[in-house]
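Here's a two-chain model to go through in question-and-answer form. Let's start where the chains meet.

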Amino acid sequence: MSAANTHVTFAEVDRSGDFRESLARVGGMTRAELLGAAGVTSAAMLAALAEPAEAWTGNDAEILQFDLQLEYLQSGMYQEALKIGKLSEQSREWARVIGAHELAHMKVIRSLLGSAAAKRTRSLRPRWHSRISRARCSAGRRRASTAASCARPCSRC
Amino acid sequence: MPSCEVTSRREFLERIGLAGAAAAVGGVVVAGVPGWSAPTGDDTAILNFLAVVEAAQAELYMQADMSAALSDDVRRYSAVAGEHEQKHLDWIRETVGGRFQEPPTFDFAEVASDEARFLDVAVELEDQAIAAYNGVAGNLSSALVVRAAEVVSVEGRHAAWIRDLAGVAPAPSAADPATAASQVTAALRPYAAGGTG
């Protein structure tokens with residue numbers, strides 16, 4: 001798998017904008033600043049993340065909402081990878097353990113936020129699926145054995 | 001016997017220059033953690049305590065470097081981790097400045113002469129370091145919390161690495177426990193140079 005195959009942008013996995021919106025809140029930016037200009041969102045997000053902590057304006061709840069989105073992102077990736085079921089035995093074990101930890105973190109943050117906790121949007125997961133599938137298909141094409149199945153569009157995306 | 005235990009712990013803390021930190025460890029009970037006491041909001045006492053933890057680790061890895069009994073994988077780990085611990089110690093020394101208390105001397109020569117024993121102790125010290133940082137985090141001033149977070153995550157990486165080399169779960173739980181400073185120093189005590197007090 002080349003780096004190009006596995007490189008994931010935030011825009012791809014955050015189709016709903018929930019993640020970027022939570023980041024905008026704690027980073028002192030407007031949602032429009034992060035979501036407005038197509039193609040620059042990743043750069044804008046990196047800029048926001050590079051801000052020193054003092055510049056963050058979010059209160060505890062907003063910071064926790066951002067953390068929650070991070071946990072959604074992480075747990076979603078491991079769940080999806082396990083569901084696709086193409087990991088090696090060792091990677092599957094890692095994904096199982098780490099994924100369980102991310103889920104536990106997610107539950108703790110949700111319990112702290114109570115009814116204010118942002119819902120997990122479905123839009124995160126299919127994109128992971130297509131990304132992981134594509135990376136797998138690229139590897140498959142190089143082996144020239146599964147090219148036909150890779151050409152089939154992902155039924156879940 | 002509890003009274004002996006208290007006396008010897010006190011002697012140990014005095015010997016390693018932790019009497020001040022031990023006094024500070026006194027009465028603050030953290031909400032939600034029964035029986036758990038944390039140092040008071042004195043950054044200097046807390047950092048001097050963390051310096052003891054870092055010094056123990058740095059000495060362990062320094063002696064690993066001089067040992068002929070360890071495998072290449074373990075020596076490679078020790079070289080990397082040892083450099084980190086030394087940098088952590090330097091950071092604490094610079095931050096505390098004139099009120100820095102020299103940590104005690106530790107002796108891991110025997111530990112480093114046997115790979116199985118070394119792995120056990122390295123796992124123990126890394127876990128203790130994480131627990132120590134977690135334990136004091138709530139009482140550090142906010143600027144130092146950020147710096148300490150940057151350090152404790154590296155201790156977590158060390159713990160996962162050495163745990164993997166030791167053949168135990170690299171990430172055993174979703175959250176690592178916080179430990180009182182007195183428990184951490186008690187765990188380090190057997191490794192203090194010049195006997196176990």
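Q: How much area do chain A and chain B bury between them?
A: This is a predicted model, where local features need pLDDT of at least 70, side-chain atom pairs count only at pLDDT 80 or more, and totals for chains, interfaces and linings use all residues. Residues are numbered from 1 along each chain as written, chains are lettered from A in the order written, and side-chain values use heavy atoms, leaving out hydrogens and water. Buried area here is the accessible area (1.4 Å probe) that two parts lose on being put together, summed over both. For chain A and chain B, with 73% of it on carbon and sulfur atoms, that comes to about 390 Å².

Q: How many residue pairs are in polar contact between chain A and chain B?
A: A polar contact is a pair of N or O atoms within 3.5 Å; within protein, one must be able to donate a hydrogen and the other to accept it, and residues adjacent in sequence count only if both atoms are side-chain atoms. Between chain A and chain B, with both residues at pLDDT 80 or more, the count is two.

Q: How many residues of chain B are in contact with chain A?
A: Contact means heavy atoms within 4.5 Å. Five residues of chain A take part, and on the chain B side the number is five.

Q: What distance separates the closest N and O atoms of A:R96 and A:E93?
A: A salt bridge is a side-chain nitrogen of Lys or Arg within 4 Å of a carboxyl oxygen of Asp or Glu. A:R96 and A:E93 sit three residues apart in helix 7 (residues 89-113) of chain A, about one turn of the helix. A:R96 is partly exposed at 47%, and A:E93 is partly exposed at 40%. Their salt bridge has its closest N and O atoms at 3.1 Å.

Q: Is B:E102 buried or exposed?
A: B:E102 meets B:R93 in a salt bridge (3.6 Å, N to O), and B:R93 counts as partly exposed at 31%. The exposed class takes residues over 50%, with partly exposed lying between that and the buried limit. B:E102 has 55% relative accessibility, so it counts as exposed.

Q: What fraction of the residues of chain A count as buried?
A: Chain A has nine helices and zero strands (a strand being a DSSP run of E, at least two residues). Among its contacts between residues at least 6 apart in sequence, 71% join residues at least 24 apart. Of its 157 residues, the buried share is 34%.

Definitions and conventions
Helix = DSSP H or I, 4+ residues; strand = E, 2+ residues; numbered from the N terminus. Buried < 20%, exposed > 50% of the residue type's maximum accessible area, 1.4 Å probe, protein only.
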